[in-house]
Amino acid sequence: MKESLLQALDGLETQLEEALAQAQSESDLLQIKGRFLGKKGELAQVLSAMGRLSAEERPQVGVKANQVKEALCSRLQSSLQGFQQKVLDQALASDHFDITLPGVPVEFSSMHPLIQVLEEINTLFRRLGFEVRYGPEIEDEYHNFEALNIPEDHPARDEQDTFYLKTGRLLRTHTSTVQIRVMETEKPPIKMIAPGTVYRSDHDLTHSPMFHQVEGLWVDRGIHFGHLKGVLKLFVKSFFGSETNLRFRASYFPFTEPSAELDVSCVFCHAKKSACPVCKDTGWLEVLGCGMVDPNVFEKVGLDPQVYSGFAFGMGVERMAMLKLGIPDLRLFFENDLRFLKQF
Ligand code: DAH
């Protein structure tokens, strides 16, 4: 019995070699592996017969069985590698890969013109001591309207074409919301600008439903309209050039009293008024809204209007960028055309 098992084990390696010699593919190999090493394979059959050996004989056959098992495994493994290498060699021989071909260049763009202009605005105001502050883009009616002295029945609520969310909140229609958030939580002196994205349900050649604004606010004891004029004059002359003139026109905003609009002399025709499509020969371009913080706004945020005063302003970043860089069409900012973006 022992002898016949040892013989059977000895024979397995030769049988495997014969089977491998016939194998054509990896799947043939898998089959062969099952035939020799599977649960009911050749080796398993020998092992199952070992139960009938005496306690003395069993280890002798066991040692041999382990040696044979290892030999079969390693032979199958090397045969598998041989097949895989053959497949790879064939693929390499039929595929041509020219490593001397130049690569496809990666296209680099530049900083988006809106971001460039926004950074410049931030830098100019920071130089004047304004801190950059941020607020949420999803707002409530209170911060977007109510606290800014825009009551429920006020026509400005319609004018602003608000996007309302199902939750009752809204996408902020202006960055003036950040004035409120800062004044609610901090005591003056407050000297801040708030750059950010704003949303209005308005889409045509000159309006995008998403655009950018920079809000400004300076509140302290004794701030007056002279401070407003001084700060904005410095800003405009640094931003558009020292030859630029400016004028304030009386206007109306619910959150400022008095309010004004700021015009700059046309940066395209330099107020020569000769068929200028941008200023339409008025010589002036409207750039921002501003005014002295309305006492009602101070009361909403718990500041005493008898003690504090301040000014605020708000400008559209797209408009500033179009004027500064001579960009004729608002849509260019949002199309991500590298031919446009690379010019800046
Ligand atoms: N929030 C105004 C708007 O979106 C812009 C504005 C005007 C802001 C006058 C101000 C201001 O702070 O004083 O049209």
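This note covers the aromatic pairs and the charges over rings in a predicted model.

1. Ground rules. Local features need pLDDT of at least 70, side-chain atom pairs count only at pLDDT 80 or more, and totals for chains, interfaces and linings use all residues. Residues are numbered from 1 along each chain as its sequence is written, and side-chain values use heavy atoms, with hydrogens and water left out.

2. Overall count. The whole structure holds 13 aromatic pairs. Rings of Phe, Tyr and Trp (its six-membered ring) pair if their centres lie within 6.5 Å; planes under 30 degrees apart are stacked, over 60 edge-to-face, the rest tilted.

3. Phe125 and Phe235. Their ring centres are 4.7 Å apart and their planes are at 25°, so this pair is stacked. Phe125 is in helix H5 (residues 113-127) and Phe235 in helix H9 (residues 225-240), 110 residues apart. Helices are DSSP runs of H or I, at least four residues; strands are runs of E, at least two; both are numbered from the N terminus. Both Phe125 and Phe235 are buried (under 20% relative accessible area; exposed is over 50%, partly exposed in between; 1.4 Å probe, protein chains only).

4. Phe130 and Trp218. This pair is edge-to-face, at 6.1 Å centre to centre and 75° between the planes. Phe130 is in the loop between H5 and strand E1 (131-132); Trp218 is in strand E5 (residues 210-220), 88 residues away. Phe130 and Trp218 are both buried.

5. Cluster. One aromatic cluster takes in Phe125, Phe130, Trp218, Phe235, Phe239, Phe240, Phe311 and Phe313.

6. Charges over rings. Lys191 lies over the face of Trp218, 4.0 Å from the ring centre. The charged end of Lys324 sits over the Phe239 ring, 4.5 Å from its centre. The criterion is NZ of Lys or CZ of Arg within 6 Å of the ring centre and within 35 degrees of the ring normal.
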